[in-house]
Amino acid sequence: MAQTSTSKMKPSRPGAALWKNIVLHRYLYFMLLPCLLFFIIFNYIPMGGLLLAFKEYKFNKGILGSPWIGFDYFVTFFHSYQSRELIQNTLIISCMKLFLYLPFPIVLALMFNEVRNKWFKNVSQSLLYLPHFLSWVVVVGLIQRILAPDTGLLNEFITNMGGDGSTFFMMDPKYFYQIMFGSHLWKSIGWDSIIYMAAISGVNPDMYEAAKIDGAGKLREIWSITLPSIMPTVVILFILSLGNILSAGFDQLYLLRTPGNMQLSDILDTYIIRIGLTNGQFGYATAVGMIQGVIGLILVVAANRLSRKVSDTSLW
C-alpha cells in the first residue's frame, strides 16, 4: 500500500505574483511605458519645484540654495485685497464648467445613441468633434470676428433686424459668462460625449428587450436603464473633475479677457502667470498654484470617500 506524503508548500515571496503577471503580459506593459514616462517627466519631476513656495528665490543661488521663508507667501496671498475676487471668479467659472456643463455631453451621447442613420450620425459626430482640435487662439479669434461691433456677424444681423448693431459684446461684462460658457460648450461637448457613448454601448441589449416587452417607451428606457448603467462613469469623471475646481482654464480666460470684463475674467490661473512670469515673483506664484493643487486633492479624496459610502463607485 503506497503511502501519500504531503509536502510543505513554500510561501511565495511578496510581489512574486505581480512580477510573474508583468512578465506574462510584458508587451502590454511595454505599451503602457510611454504613458508612465510622460507623467513622470511632466508631472512628478516638476513637483520638486514646489520648494519655491517656501523659499525666497535668488537667481544666483538657485532653488536649493535660496533661503527658507516658511508660509509667508501663503499668508501674503490670503491677506491680499485681490485674493477674494480671484477665488470667487475662479469658483464661479469652474462650477459653471463642472455642474452646469455636465448634462450636455450626456444628453448628446444619448441623442447619438438613438440615431439610426449611420451617414448622418458619422457626419454630425465629425462636425461636433472638430472644435476640440482647434486651439483657443483660433476659437477666440472666431468669437471676436462674430461679436465685433458694427462689422461682426451678430451685430450685422441685429442691424438688419432694425436694432443697434454697435454693441461691443467682448467689452461688456454682462455678456461675459454667456460668451465664456457658450464657447466652452461648443468646443468641448462633442469630444466629451465620446466616453459616455462608449459607456452606453456597453449596456446589455437584453435589458432594453425586456423593457420593451413590459411596455416601456423610449424615455422610460433611457431613464430606467441607460442612465443608471452609465452612472458609474459619470461619477468617476465628476470626481476627477473636482481636482480642477480652482483651475478654470487659463487659455480660454486669458484670451477672452478685456479691460471691460476684467473684474469677472481675472482668475487664479491668469494671476499666477501675471505675477510669476511678468513680475518675476516665482515663489509667490508657486505658492498660489500649490493652493490650487492642495484644495483640488482634498476635494477629490473627500468626494471619492463620499461616493464609496453612498454607492459602490469610487476611484480607489
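Helices (H or I, at least four residues) and strands (E, at least two) are taken here as DSSP runs, numbered from the N terminus. The model is a predicted one, in which local features need pLDDT of at least 70 and side-chain atom pairs count only at pLDDT 80 or more, whereas totals for chains, interfaces and linings use all residues. Residues are numbered from 1 along each chain as its sequence is written, and side-chain values use heavy atoms, with hydrogens and water left out.

In the unreviewed UniProt entry, the annotation "transmembrane region" covers residues 27-45, 91-115, 127-147, 175-201, 222-246 and 282-303; such annotations may be inferred rather than shown by experiment. Across residues 127-147, the chain is 71% helix and 0% strand, with end C-alpha atoms 22 Å apart.

A pocket is an open set of points on a 1 Å grid over the protein atoms alone, where a 1.4 Å probe fits, with protein on both sides within 12 Å along at least five of seven lines, and lining residues have an atom within 4 Å of a point. Of its 25 lining residues, Tyr101, His184, Asp192, Ser241 and Asn244 are the closest to the centre. Helices α5 (83-100), α10 (176-201) and α12 (218-242) each supply at least two lining residues, and the largest share, seven residues, comes from α10.

The second largest pocket has a volume of about 570 Å³, and among its 17 lining residues Phe42, Asn43, Met47, Leu50 and Gly293 lie nearest the centre. Two or more residues of this lining come from each of α2 (26-44) and α16 (282-310), with α16 giving the largest share, five residues.

Asn89 lies in helix α5 and is buried, with a relative accessible area of 3% (buried means under 20%, with a 1.4 Å probe and protein chains only). The side chain of Asn89 reaches the backbone oxygen of Asp266 at 3.1 Å. When residues up to four places away in sequence are not counted, Asn89 touches Gln263, Leu264, Asp266 and Ile267, where contact means heavy atoms within 4.5 Å.

At helix α11 (residues 205-213), the N-terminal end is capped by Asn204, a side-chain oxygen of which lies 3.1 Å from the backbone nitrogen of Asp206. Just after α11, Gly215 takes a positive phi of about 90°.

Conventions: Points joined across faces, edges and corners; volume = space filled by probe spheres on them. Polar contact = N/O pair within 3.5 Å; in protein donor to acceptor, adjacent residues only side chain to side chain. Buried < 20%, exposed > 50% of the residue type's maximum accessible area, 1.4 Å probe, protein only.
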